[in-house]
Amino acid sequence: MLRLRDTALAHGIALAMVLAASGAQARDRYVAPYIELSQVLDANLSNDDVLTYSQIAVGVDAGVTGRRAEGQVSYRYERRIQWDDRVADENVHTGLARASASVAPGFSLEGGAVATRARADIRGAAPGNFVGNVDNVTQVYSVYAGPSLTTSAGPVQIAASAFGGYTKVESPVVTGVGPGQPRLDYFDDSKSVLAQASAGVAAGTVLPVGVTVSGAYEREEAGQLEQKYEGYYARGDVTLPVSRTVALRAGAGYEKIKATQRDALVDAAGNPVVDRDGRFVTDPASPERIAYNTDGLIYDAGVIWRPSPRFELQANAGYRYGGETYFGSLNWEMARNTGLQVVVYDGIETFGRQLRDGLRDLPTAFQGTASPFGQQFNGCIFGSNAGGSGADAGGCLNNVFQSISTASYRARGIDAVVSATQGRTAYGVGAGYANRRLNTPVVAPGTVAIAVTDESYYAQLFWSRALSRVSQVDVNLFANYYDSGLPVANGVFNLGATGSYSRQFGRLGTIASLGLYTFDQEGFDSQWSAQALLGARYTF
C-alpha cells in the first residue's frame with residue numbers, strides 16, 4: 001500500500017490535470033507517458049572510488065493551453081537498482097504540476113504540486129548531482145489548491161481566494177555535519193490554509209484616488225513539536241496617479257502573528273530524545289511556548305512606474321514585524337519571447353507556507369529541463385511562455401530549499417529570473433540572495449537555533465538548443481553558498497555543471513549525459529565527482 005508521502009505528488013498531479021481539463025477549449029494539448037532505462041556511473045575524484053548502477057523510470061509530460069485553462073505536468077518515478085552492496089536501492093520521485101482553470105465567469109480554480117530532493121541541514125554536505133551515495137539529501141512533497149473569485153458591484157471591484165496546502169519531508173539518513181555541532185530537528189509535515197479578500201475602486205471612478213480595503217487569515221499546523229502558526233491582518237490602501245506612467249501608493253492597517261511550539265523531550269543528560277526517524281520527540285508535559293509574536297500597526301508607502309504595458313516597477317518601504325521593511329518587484333517583457341522578473345521580499349514564513357507560496361508564483365507553462373542526475377525542481381524554474389509577461393519568466397525555490405527548517409523565520413531577500421525562447425534556442429538565468437532569522441522559544445529545552453540568522457547566495461543557468469528536428473543539446477550550470485550562522489558551523493559552497501545530448505528515433509529516444517560537481521565545507525577537504533549516464537526512453 002502506498003504511504004501518504006508517496007502519493008502527495010500523485011494527488012497534486014491528478015488535481016492539476018483535472019483543473020486543466022475541466023471546461024477547457026484547448027488550443028494545444030499533449031500527453032506523453034514514457035518508460036526509460038539507463039546506466040549511471042559515479043566517480044568520486046577525491047578518493048578514486050567508482051560506483052555504477054542501473055535505473056528504470058516511468059513518467060509523463062503533459063500540458064494543455066486553452067481559452068479557459070492552462071496547465072502543465074512533468075512527473076518521473078525512478079527506481080535505482082544496485083550492482084553490488086555499495087549503492088542502496090532507491091525510489092526517487094521528481095515532478096512539478098501547475099494548472100489554472102476558469103470554471104465560470106469570475107470564478108477560477110488553481111493548483112500545484114512538487115516532488116523533489118533537497119538538502120536537509122544547511123551546515124551539511126552540499127551534493128549538486130544527487131546520484132550514488134550522497135549525504136544530507138531528503139525527499140520533499142508539497143501540494144496546494146483553491147478557488148479564486150473576482151466580481152464587481154457597480155464601480156467596486158471585489159476579489160477573494162482561499163487555498164489549502166500540505167507539505168511532507170522525509171528524514172535524511174546522514175547529514176554530513178561536522179563533529180561537535182549540535183543536532184537540529186527535522187521537519188516532518190504541515191497543513192496550511194490561507195483566505196484573502198479585498199474590495200476597491202479605481203482612481204477616477206468615485207474619487208481622484210484609488211482606494212482598496214483588504215484582509216487575510218492564515219493558519220498552519222506542523223507535526224514536529226506540534227508547531228502552530230496563526231496570522232491575520234486588515235488594511236486600507238490608497239493609490240494616487242501623478243502622471244500617465246507614475247502612481248504613488250500608501251497603506252496602513254493592523255496585523256497579528258503568533259507562532260508556538262512545544263518542548264522536545266530530553267534525557268537525563270539534557271539531550272533531545274529522537275524517534276527512529278531522527279525527529280525530536282515532543283514532551284507531553286510541555287506548555288505551548290511562544291516562538292514569535294507581533295501585534296500592532298503596520299504601514300508602508302511606495303511608487304509604481306508603468307511606462308508601457310510590458311514594464312512595471314514597484315518599490316515600497318514601511319514598518320512591519322517590529323521594524324523597517326522593504327519590498328518590491330519588476331516585471332518586464334523585454335522582447336516577444338523574453339521575460340524578466342525581479343522580486344524583493346520580506347515576511348514571516350515557515351517552510352511549508354513558503355514552499356506553497358513559491359509554487360503559486362510559478363508559471364503554468366514551464367521549461368521541462370530534465371536533469372538526468374536528479375537536481376530538478378529544487379532551484380530556479382524557467383517559464384516557457386516568457387513573452388506573455390515578466391511574471392511568466394519563472395521563479396526560484398532556492399530561498400525555500402536553502403535549509404529545511406522546522407522553526408518559523410523572518411525571510412528577506414531578492415530573486416531575479418530571465419528566460420527566453422529564440423527560434424531553436426531556449427535559455428534561462430536565475431540568481432538571488434536569501435536571509436532567514438529563525439524564531440524559537442528562548443527557554444525551550446533542546447533548542448539550539450535561538451536568534452540564529454542563516455543566509456545563502458545562488459545562481460543558475462539553463463541553455464537548450466535543438467540541433468535538428470530529432471536532436472537536442474541541454475546544459476545546466478549552478479553555484480550555491482550557504483552560511484548557517486550557528487556556532488562552530490562553517491560556510492558550504494557547491495558548484496556543478498551537466499550537459500546532455502538526446503536524439504529521437506520515432507518513439508524511441510536516446511540520451512547521453514555528463515556531469516561534474518564539487519562542494520567544499522570549511523574545515524574539510526573539497527569533494528569532487530564526475531557522472532556519466534547512457535539511457536533509452538520509449539514514449540507511448
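Start by selecting residues 90-104 and 107-119: these are strand 4 and strand 5, which run antiparallel and are joined by nine bridges. Strands here are DSSP runs of E, at least two residues long, numbered from the N terminus, and two strands pair if DSSP finds at least two bridges between them. Before you go on, keep in mind that this is a predicted model, where local features need pLDDT of at least 70, side-chain atom pairs count only at pLDDT 80 or more, and totals for chains, interfaces and linings use all residues. Numbering runs from 1 along each chain as its sequence is written, and side-chain values use heavy atoms, with hydrogens and water left out.

How many of its 13 residues are buried? Ten are, so to speak, under cover; buried means under 20% relative accessible area, exposed over 50%, and partly exposed in between, using a 1.4 Å probe and protein chains only.

Pick G111 and you'll find A145 as its bridge partner in strand 6.

Move along to residues 156-169 and 189-201. Strand 7 and strand 8 are antiparallel too, with twelve bridges, and A162 stands opposite A195. On to residues 210-222, strand 9, which pairs antiparallel with strand 8 over twelve bridges; here L194 faces E218.

Time for the inside. Select L96, V140, F351, L355, I381, F401 and I404: of the 35 residues in the largest nonpolar core, these touch the most other members. Such a core is a set of buried Ala, Val, Leu, Ile, Met, Phe, Trp, Tyr and Cys residues joined through side-chain atoms within 4.5 Å. Apart from that one lies another core of seven residues, including I122, V492, Y517 and F519.

Zoom in on F401. Beyond its neighbours within four places in sequence, its contacts (heavy atoms within 4.5 Å) include V140, F351, L355 and R436.

Last stop: R436 lies over the face of Y409, at 4.2 Å from the ring centre, and R353 does likewise with Y229, at 3.8 Å. The rule asks for NZ of Lys or CZ of Arg within 6 Å of the ring centre and within 35 degrees of the ring normal.

Note on methods:
Helix = DSSP H or I, 4+ residues; strand = E, 2+ residues; numbered from the N terminus.
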